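Hello,

Here is the structure for your files. My notes on the disulfides and the aromatic rings follow below.

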Amino acid sequence: MIPLLRRGLPALALAALTLLATPAPTFASTLPVEELPFTSYAPAQTPNGAFGARRSLGLFEAIDELPVAEEHREGYKRTLYKHWNRGLNATDGCDTRREVILSEAVNAPEVAAGCKLTGGSWRSAYDNLVVNDAGRLDVDHFVPLAEVFDSEQTPWSAERREAYANDQGSPDTLIAVSAASNRSKSDKDPAQWMPTDASYHCTYAATWVATKLRWDLAVDDAERQALLGTAEDCSGTAVTYEPAR
């Protein structure tokens with residue numbers, strides 16, 4: 001009996017190895033379509049239930065969507081655009097300006113009572129400088145307030161002007177930069193001024209266009225031509241924005 005069992009062991013072992021070597025059956029391809037895993041690509045919904053309107057376009061395409069109109073400066077006063085208001089957090093003691101500075105810090109400053117800032121560091125995109133003192137920063141309206149007034153297609157309400165002047169719903173409307181670069185820019189459009197850091201020109205043009213599209217602002221012909229000229233060197237640059245309400 002023992003010799004027979006010994007002779008049978010190699011056969012049993014071979015059968016076991018054959019079973020182990022046989023690939024396990026794949027069942028996923030045989031599932032009905034409705035049982036396969038599902039990923040939704042529906043647009044995200046905004047809190048009020050309406051579908052979001054966020055858009056992303058190529059730079060040339062985005063420029064083509066801007067209405068072209070003559071500028072109108074008569075009647076402009078900076079005080080028409082109330083800023084800075086209490087910001088996103090009305091209890092933090094920081095106005096919109098300081099909230100933007102805090103949000104853009106490379107190294108966060110210390111925040112004392114009354115939102116007094118000490119320490120910290122920032123990179124000023126217009127001139128590619130590192131700023132180590134919040135007091136040497138300006139928070140720039142990417143499209144300056146005077147340019148907004150020039151470009152309003154119909155006169156804005158006081159509420160809409162305040163909303164623009166304090167807009168933190170987009171990362172583009174407000175930017176912390178060195179005071180020197182902001183004052184060099186003043187209220188000029190891209191036909192009159194571009195950042196000294198040439199590597200930022202494509203981003204600057206795209207952000208300018210995104211802000212104008214977000215707030216339904218027009219461009220004049222010289223401004224449009226300057227943007228188109230910059231876009232020639234900005235292959236692949238995208239303009240992403242969400243219209244303001």
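A search of the whole structure finds two disulfides (pairs of cysteine sulfur atoms within 2.5 Å). This is a predicted model, in which local features need pLDDT of at least 70 and side-chain atom pairs count only at pLDDT 80 or more, while totals for chains, interfaces and linings use all residues. Residues are numbered from 1 along each chain as its sequence is written, and side-chain values use heavy atoms, without hydrogens and water.

Cys94 lies in the loop between helix 2 (59-64) and helix 3, and Cys115 in the loop between strand 2 (110-112) and strand 3, so the pair ties together parts 21 residues apart in sequence. Helices (H or I, at least four residues) and strands (E, at least two) are DSSP runs, numbered from the N terminus. The link of Cys94 and Cys115 is right-handed, with 90° about the S-S bond. Cys94 is buried, at 4% relative accessible area (buried means under 20%, exposed over 50%, partly exposed in between; 1.4 Å probe, protein chains only).

Cys202 and Cys234 form a disulfide with sulfur atoms 2.0 Å apart. The torsion about its S-S bond is about -90°, so the disulfide of Cys202 and Cys234 is left-handed.

On the rings, Arg160 lies over the face of Trp156, 4.8 Å from the ring centre. Lys185 has its charged end over the ring of Phe142, 4.9 Å from the centre. The criterion is NZ of Lys or CZ of Arg within 6 Å of the ring centre and within 35 degrees of the ring normal.

Regards
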